[in-house]
Amino acid sequence: MYKSIIHILSTAVLVTLLLGCDGVSENPKQAFHQVSEVPIDLGVFSSHADLVAFVAQGTLNIAKTDGSGVLAQFKLNETKVTDIAISQDNRLLAASFTTYVVVWDLVDKVRLGQFDVSGESEFAKTSKIAIYANPMQLLVGMTDGTISVIDFENKLTKRIKYHDARVSFLELGTQRQLILSAGHDGVVNILNASTLQPTFEHRLSKRVTSVAYNLSQNLLFASDALNEQIILRPFSSERALIKLAYRERFRWFRAAAFSPDGQYLATGSSKSWWTLWDVNTGQEIDAYGIQAATSTALIVDMHINRERKLVTLNSDGIIEYWDINILKNLTR
């Protein structure tokens, strides 16, 4: 099912979409490979993008991002997976289903358990999860806006409701002191992880479709489903914001990532391309077409490392590499 690295000489197997169209540039490195021969339903990178987890044809797969091998495969009894997550140390894998979450140990390749979750509404279903190890913690967001924080070490579960609709983003900050959440109610929250009290809130006009953060650089990006895409500095007294600037009436953003130095923002669109932005000005640097095997391919996750290398995963199961240091010097 898996392929080794495919370079530009193998492009006869794939179709590169949108290249040559106005406003979309090529990847000058053309480095990519395909981890799935069929479209994937969900896909996420690990915190350092050295691993990728994805669901395809009822199987949850864990593979190395560089294409060097598959670590594990888990056959799913239930095909409707609402979200997947990998712990920051690559030890734990979690998958959420309608009303429960399953956790696996990736080192021993064993299933640790199944955990039932619920919201305030009896009809609530899981929508977003995050998993952490040492000590083990699980965050679960629900379609009614409820968030559960499960502390396995202390056998404690806290449940809060700061959203009035589906939770679409949920993560702990780097030091586990903060909880970041966003929802279809348009609210973006930062909560104190101990007290669960809000320390920051911003409300967008429409439902939140993508969030990225770099708290070490005091940066938070949020996008709604219409035309509000903003960069915030949540811990600044002025609470200034920068709006992304583009010519169209609106854009849809499905994924986003900041560079660790806080200079660049990458966003994935609802089509087969992504955009690089200058964080300080909100100006578009350029847009780039992705490698794709179908006409409906789009980016499902993205990550930028300290060397400003971007890695993207699209719905066709293709991982592609981009060097921002090169791209920023090739603007049209």
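Which residues gather in a patch of positive charge on the surface? Select Lys 80, Lys 125, Arg 166, Arg 207 and Arg 254 to see them. A patch here takes residues with over 30% relative accessible area and no salt bridge, with like charges joined within 9 Å. Lys and Arg count as positive and Asp and Glu as negative, while His and the chain ends are not counted. Each charge is placed at NZ of Lys, CZ of Arg, CG of Asp or CD of Glu. Accessible areas come from the Shrake-Rupley method with a 1.4 Å probe, and for residues only the protein chains shown count as cover.

This is a predicted model, in which local features need pLDDT of at least 70 and side-chain atom pairs count only at pLDDT 80 or more, while totals for chains, interfaces and linings use all residues. Residues are numbered from 1 along each chain as its sequence is written, and side-chain values use heavy atoms, with hydrogens and water left out.

Stay on Arg 207, in the loop between β18 (198-203) and β19 (208-214). Its relative accessible area is 33%, so Arg 207 is partly exposed; buried means under 20%, exposed over 50%, and partly exposed in between.

Now show the whole chain as a cartoon. Of the 332 residues, 55% count as buried.

Next, the salt bridges: the whole structure has eight, each a side-chain nitrogen of Lys or Arg within 4 Å of a carboxyl oxygen of Asp or Glu.

Select Asp 83 and Lys 128, whose side chains meet in a salt bridge at 3.7 Å, N to O. Asp 83 is in strand β7 (residues 83-86) and Lys 128 in strand β11 (residues 126-132), so the pair ties together parts 45 residues apart in sequence. Asp 83 is buried at 5% relative accessible area, whereas Lys 128 is partly exposed at 22%.

Move to Asp 108 and Arg 91, a salt bridge with its closest N and O atoms 3.3 Å apart. Asp 108 sits in the loop between β9 (100-105) and β10 (110-116), and Arg 91 in the loop between β7 and β8 (92-96).

Finish at Glu 248 and Arg 251, which form a salt bridge at 3.1 Å, N to O. Glu 248 is partly exposed at 38% relative accessibility, whereas Arg 251 is buried at 10%.

Methods
Patches are made of residues with over 30% relative accessible area and no salt bridge: like charges are joined within 9 Å, nonpolar side chains (Val, Leu, Ile, Met, Phe, Trp, Tyr) within 5 Å. Helices (H or I, at least four residues) and strands (E, at least two) are DSSP runs, numbered from the N terminus. Buried means under 20% relative accessible area, exposed over 50%, partly exposed in between (1.4 Å probe, protein chains only).
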